[in-house]
Structure formats: structure tokens, C-alpha cells
Amino acid sequence: MVTRLRVPGRKRFGGIFSGDSPTFVLMFGVGFLFTAFFRTDAWHRVLFGPSAVDYSAVLGLVSLCAAVGWRSLLRRGFVWAEPAELTWMDFAQVDRRRVVATRLAGVLTGFVVVIGYLAALMLAVGGSSIDWWRAAAALVAGGTILAFTTARRTAFLFEAAGPLLLAVAGVVIAAARLDATTVQYVGAALALCGLLLAFGGEAVSGAGRAVLLDGWNARVLRAMAVTFLDPMMMLPESAPAGSWSLRPPTAFRLAWVGIVGRARYASAVLLVAFAVAVGHVAVPTLPGPVLVGIGAYVALTPFGAGLGVLWRNPGRRRWLGSTSQELVIAHGAALVVVGVVWCALLSVALFALGTAFSPLSWVTVALAVLSVLRTVTRQPVDYSSAGFVDTPAGPMPANLMRQLFRGPDLLVLGIIVLAQLG
């Protein structure tokens, strides 16, 4: 007989009903989020200003957010099991499929809550008609069905193209100014595609021990990076670069092979470019330098991981035989190439939407490249207590704060200056 897993001492539902700190955080967070619906006039000035609300662009932005969420679900980060717990499952006759399926249900609930809240807030603040609410509900429902039916099964060929097609659909909705009825048909088409993909394939909940332990290792790495405030631990490693060779090993060859080995993040480059373009139309109050700078930084950071890995491993740098300056220049040149590609994708989306950024906004792309280089070349985290800095999380070592914000500080300073000039 299969039993239900219950780990002794572990709080149910993450401890949100325990009356301790998780309960307070939940109540405070929910209260803060819902107060926005009672201050729609103030939020209208923040999000839209004096401009008329473009509901097609708003729903296009919702589609792009759903595409980003769908892509994150396809990484299947919910497929993991703690080694000791996994052994207990075997001896206690616990159905591990139920554990993974429950975790998928929780992640999918978060997907619906985040996308649904974004759509509801922007429509409520804009004062839209009931037709646009139905269109938003159709998009959220269709995206949820599509994300669920693909994430619940093992990876299949061309699944990475799904979020990209949904992102293109979001740009089309915003560029063509589709009405609410047509957007409802788009949502219905998403749901239909999801139902078709529900047939066939093997359920990911039946993953073996090796897959579950690999997922656990990745989860531990993320948890340690957050706990010790060292995000550089999460820099993505390079995948095999195919026929590309490192012989002879040079800085430029290594930088290029590192870009090729991280080509799996190319879809994120397109998603971010489209999101920035549609966000510029949907939320006209956001300054161009803010959107372009943050978007470029997010899109380029995974491709700067090659230099970050070298910086954290002096032995590899000695093996390569190049100076630190040569490595920075080589990887900076490779990042410039990726940045040019991102700018081209952003320009295409802006042209389709019939809008543009100011020339000063494009300068932030160069700032983003420099910020990424500055981020990945930070020294190992220093936890020494040479002075403390007051933060919302309490006193923290000054050295740790300086290293934590190395890289983004340059980008933020540049964005502030360019936003004032614009």
C-alpha cells in the first residue's frame, strides 16, 4: 500500500499557518498587493501617466510574461528529491510521483497568481471594459494549460520554441492592436495547443533517482547562493560546444566558445528584447534608459559567465596563459557581439510596434556590457566585519555590500544620469 509522505518536524504549507514569521510575511504581502486595487487613480499616474491606455499592448505584455514563466517551467526545477528523503520514500513505500506532482501544482499556482495579478492590476488601473477582462482571462487560462501540459512531461523536441512563439504572439497582439474578441480567440488557440500536447510523452513525475538527485544538487546550489549572498555561484556552466575547438587556447577563442556553449540562453535574449519593446508601449511612464539598461543587463549576464568562471578559478587562468586584461577585452568583445544582436531584435520589435527609444537610451546597452564585465570580475565574497552598513535586512558587513552591488552600481548610476539628461 502506497502511503503519503510526511517528514517529521517539517511545517505544512511552508509554515504560513503557523503564526510565526511566514504568516506575518504572507499577510503583509497580500495586504500590500491588494491595496493597489483601492488606489487606482494613484497607480494610473504611476503606470500610464496622462497617456491613453493601450489595452492591446497591456495584453501583449501579459503574453510575454506568460512566455517567460513558461520558459522557466520548462527547466523543470520542481523535479528534485532530498537524498535522505528519497531513501525514505523507497523503504516507506511512498509514491514519489505524487511528491513531484504536488510540487508542480504549487509552481503552477504561482504562475497563475503572478500572471493573473499583473493582468488584473493593469486592467483595473486602466479602467477597462469587461471584454478586456475576458480576453485577459482567456490568455492566462490558455497559457496556464499550455505550460502545464508541457512541463508535466519529459523534454521533447523543439519545446524551447513554444515560449518564443508565445512571445511573438504578444508582439503581434500589441502591434496589430487586436481587439478583445480576437485576443480571446488567441487564448483559445493556446488552450487547444496545450490540450493537443497533453497526449503522448512520459510524465516527468516518474523521473528516476539520478534525475531527482541532479535537481536536488541544483536546488542546493541556488539556496547556498541566496543564503551566502553570492549570486556568482549561479553563473551557468558552458555546455559542450560541438565542433568548436580551443586549440590553440587563446583568450578570444575561449570567449567565443563560451558564448557558443551558452547558446541555450539565446531564447532569453529574444524574450527580453520583446518584453522591453512591448513594455515601452504598455507602460509609457517608464523611462527608456531604465527599460533598455535593465533589459540588456539581464539578457547579457548569462553570456558573461565564461569570464566569471575564469575569475573564480586562478588555475584555469594560469593554464590559459593570458593576462587578466586580455581576458576582459576578449570577453567584452564577445559580449558586444551579443549586445548588437539584442539591439537588432529590439529594433525589429520597436519597428513593428511603431515606436522608438531616444538615442540616449541606446547608450545604456554599452553601460550594460561594462556592468556585466564588472559583475563577473568581482573578487570572492569577503565576510570580514570591517564596518557595518544598515540595510532593511539588518546590519551587514561593508565589504560584503560593496561586492554584492559591484556591477549593478555602474548601471544604476548611468541610468540615473541618462534619465535626467533625457
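A cavity, in the sense used here, is a set of grid points where a 1.4 Å probe fits but cannot get out. By this rule, the count comes to 3 cavities of 30 Å³ or more. The model is a predicted one.

The largest cavity holds about 50 Å³ of space. Its lining consists of Ala-255, Gly-258, Ile-259, Arg-262, Phe-303, Gly-304, Gly-306, His-331, Ala-334 and Leu-335. Two helices, H10 (251-261) and H15 (324-353), each supply at least two residues of this lining. By class, the lining of the largest cavity divides into 5 nonpolar, 4 polar and 1 charged residues.

The second largest cavity has a volume of about 40 Å³. Around this second cavity lie Val-62, Ser-63, Ala-66, Ile-115, Leu-139, Val-140, Gly-143, Leu-166 and Leu-190. Here H3 and helix H6 (130-151) each give at least two residues to the lining. The lining of the second largest cavity has 7 nonpolar and 2 polar residues, with no charged ones.

Both of these helices also take part in packing contacts, and H6 can be taken up next. The axes of H6 and helix H8 (residues 180-197) come within 8 Å and cross at roughly 15 degrees. Angles under 35 degrees count as roughly parallel, and H6 and H8 are therefore roughly parallel to each other. Their crossing is left-handed. On the H6 side, the contact is made by Asp-131, Trp-132, Arg-134, Ala-135, Ala-138, Leu-139, Gly-142, Gly-143, Ile-145, Leu-146, Thr-149 and Thr-150. On the H8 side, the contact residues are Ala-180, Val-183, Gln-184, Val-186, Gly-187, Leu-190, Ala-191, Cys-193, Gly-194, Leu-195 and Leu-197. Sorted by class, the contact of H6 with H8 has 14 nonpolar, 7 polar and 2 charged residues. Leu-139, Gly-143 and Leu-190 belong to this contact and also line the second largest cavity.

H3 has a contact of its own, with H11. These two helices pack at an angle of about 155 degrees, with their axes 9 Å apart. Because angles over 145 degrees count as roughly antiparallel, H3 is roughly antiparallel to H11. The crossing of H3 and H11 is left-handed. H3 contributes Ala-57, Val-58, Gly-60, Leu-61, Leu-64, Ala-67, Val-68 and Arg-71 to the contact. From H11 come Ser-267, Ala-268, Leu-271, Phe-274, Ala-275, Val-278, Gly-279, Val-281 and Ala-282. The contact of H3 with H11 is made up of 13 nonpolar, 3 polar and 1 charged residues.

The remaining space to look at is a pocket, which is an open set of points. The largest pocket has a volume of about 1500 Å³. It is lined by 42 residues, and the closest to its centre are Arg-71, Arg-75, Arg-222, Pro-236 and Tyr-265. The elements that give two or more residues to this lining are helix H3 (55-73), helix H9 (209-227), helix H11 (266-282) and helix H12 (288-300). H9 provides the largest share, 7 residues. The lining of the largest pocket divides into 27 nonpolar, 6 polar and 9 charged residues. Arg-71 links two parts of this account: this residue is among the closest to the pocket centre, and Arg-71 of H3 also takes part in the contact with H11.

Methods: Residues are numbered from 1 along each chain as its sequence is written. This is a predicted model: local features need pLDDT of at least 70, side-chain atom pairs count only at pLDDT 80 or more; totals for chains, interfaces and linings use all residues. Side-chain values use heavy atoms; hydrogens and water are left out. On a 1 Å grid over the protein atoms alone, a cavity is a set of points where a 1.4 Å probe fits but cannot get out, and a pocket is an open set with protein on both sides within 12 Å along at least five of seven lines; lining residues have an atom within 4 Å of a point. Grid points are joined across faces, edges and corners, and a volume is the space filled by probe spheres set on the points. Helices (H or I, at least four residues) and strands (E, at least two) are DSSP runs, numbered from the N terminus. Ala, Val, Leu, Ile, Met, Phe, Trp, Tyr, Cys and Pro count as nonpolar, Asp, Glu, Lys and Arg as charged, and the others, Gly among them, as polar. Axes are lines fitted to C-alpha atoms, for helices over the stretch in contact, and angles run from 0 to 180 degrees between N-to-C directions. Angles under 35 degrees count as roughly parallel, over 145 as roughly antiparallel, 65 to 115 as roughly perpendicular and the rest as oblique. A crossing is left-handed if the near helix is turned anticlockwise from the far one by less than a right angle, and right-handed if clockwise. Contact means heavy atoms within 4.5 Å.
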